Amino acid sequence: MFEKLSDGLQNAIASLRKAVVVDKKTVREFVKEVQKALISADVNVNLVLEISKKIEEKALLEKPPGLLDRKEFIIKITYDELTSLLGKGEKISIKKGDKILLVGIQGSGKTTTAAKLAKYYNKKGFKVGLICADTFRPGAYTQLMQLAEEINIPFYGDPNEKNAINIIKKGLEILKDKDIIIIDSEGRNKLDTDLMNEINRIYKEIKPEHVLLVLDGTMGQLAGEQAEAFKKSCNITGVILTKLEGTAKGGGAISACKSTNAKVYFIGVGEHIDDLEEFNAERFVSKILGFGDIEGLLEKAQEMEIKEETVNRIMKGKFTLNDLYYQIQEIKKLGTLSKIVEMLPTGGIKIPKEVLEMQDEKLKIYKYIMDSMTKKEKENPEIIDSKRVKRIAAGSGRKEEDVYELLRTYKMMKRYIKIVTDERKIAGLMKKLGIGKI
Ligand code: GDP
Ligand code: MG
């Protein structure tokens, strides 16, 4: 996700770091690379120029504050400018008793997002109810009902009732013991007055605390125009951008919404029900710049009841084969390795593909192999020579090749996890820059 943008920005930072002197030319080259990355993410050209101007102006003229050297200062300016481009500090505040109405055109992802949101808030400890108020599209009722069943969320809808307001009122009555109600509404093929009228009618009668516009993020900066149109005709309080996992235009979609003053609160990053993330510009920028999302990692760990110790061990690079063995389950709970790695502060260092793409199946095989190792071998894999490999392979019923592969993967992971958490290089810099918490 956001790979192109992220690669472009991280390359820009890497070249800046390598520069011998920081002069006008260095800054210009840095800014050019940042521009290229932003434009390839479909960020509006005027916005890109605005940002580059600010970075360029401040980079050489202002005095770096505190302990920062000139290069770190330029990274910090870039971080600040990017977060404000994407909507710094905007967070949705949901409380008990709130009603969330989802609006948007057909196919944008409303129904799917309704279920994702229900699960998201349910996991946070809220009692959630879902209402299907889409009387326009046949099949809308069944679609949401099935999703609700899948995630075990109370649901109300009535396929025979044609008046959405009657359905919502009845649903609110039936689900009145719930903390949050999420209402899925109708969409049309395009923005039209019928759709706006319907949304306004529901809004006036039901007075939802939140009206979230669901927009297909693959539109890139065009999302801004849709947000603007909806803002003009009805009372939207924020935006959810969907389908961002498969598009290079995510940056454009987010920044365009921000520039029309529509706050992006969530992003949809896949078809699965868990593929929803609360959007936070600071964390997002930190991640795409390669500084990781430590908060996100800890949050995720907490959600899944993973011991903070496990996270700390990973962060500190204390990752012995023995740890891999005992904590394999724990780590797997965190999601695929690539998701973990995305959240780690890599500071522009590339993680090898083999590590990123390690599958559960592979981990299982590794586990069998490790079962045939002695405690000493697991703690100190360096002692494993060809003789030991033979024994381990025979004991675990796997090929010697598999054992070598495990050792290689282990070494690679250890090296990279160590690099990414190198106190001096990354954590220290993050602390100095005031980015994230570590
Ligand atoms: P609605 O018409 O606005 O209610 O849209 P739906 O919820 O029915 O979604 C339309 C299509 O978009 C479905 O195939 C969804 O699976 C898909 N979809 C929704 N959100 C996402 C997302 O974040 N990523 C991807 N890849 N697909 C999504
Ligand atoms: Mg729908």
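Q: Leaving aside its neighbours within four places in sequence, which residues is Glu90 in contact with?
A: Contact here means heavy atoms within 4.5 Å. This is a predicted model, where local features need pLDDT of at least 70, side-chain atom pairs count only at pLDDT 80 or more, and totals for chains, interfaces and linings use all residues. Side-chain values use heavy atoms, with hydrogens and water left out, while residues are numbered from 1 along each chain as its sequence is written, and chains are lettered from A and ligands numbered from 1 in the order in which they are written. With sequence neighbours within four places set aside, the partners of Glu90 are Lys258, Lys263, Tyr265 and Phe279.

Q: Is Glu90 buried or exposed?
A: Glu90 sits in the loop between helix H4 (70-86) and strand E1 (99-103); helices (H or I, at least four residues) and strands (E, at least two) are DSSP runs, numbered from the N terminus. Buried means under 20% relative accessible area, exposed over 50%, and partly exposed in between (1.4 Å probe, protein chains only). Glu90 has a relative accessible area of 18%, so it counts as buried.

Q: How many residues of helix H11 are buried?
A: H11 spans residues 281-288 and is mostly covered. The buried ones are Ala281, Phe284, Val285, Ser286, Lys287 and Ile288.

Q: Which helix gives the largest share of the shell around ligand 1?
A: There are 17 residues around ligand 1 (a heavy atom within 4 Å). Gly107, Lys110, Thr111, Thr112 and Glu245 come nearest. The largest share, four residues, comes from residues 110-123, which form helix H5.

Q: How much of the accessible area of ligand 1 does the protein cover?
A: A polar side-chain atom of Thr112 lies 2.5 Å from a ligand 1 oxygen, and an N or O atom in the Glu271 side chain is 3.0 Å from an oxygen of ligand 1. On its own, ligand 1 has 580 Å² of accessible area (Shrake-Rupley, 1.4 Å probe; for residues, only the protein chains shown count as cover).

Notes. Polar contact = N/O pair within 3.5 Å; in protein donor to acceptor, adjacent residues only side chain to side chain.
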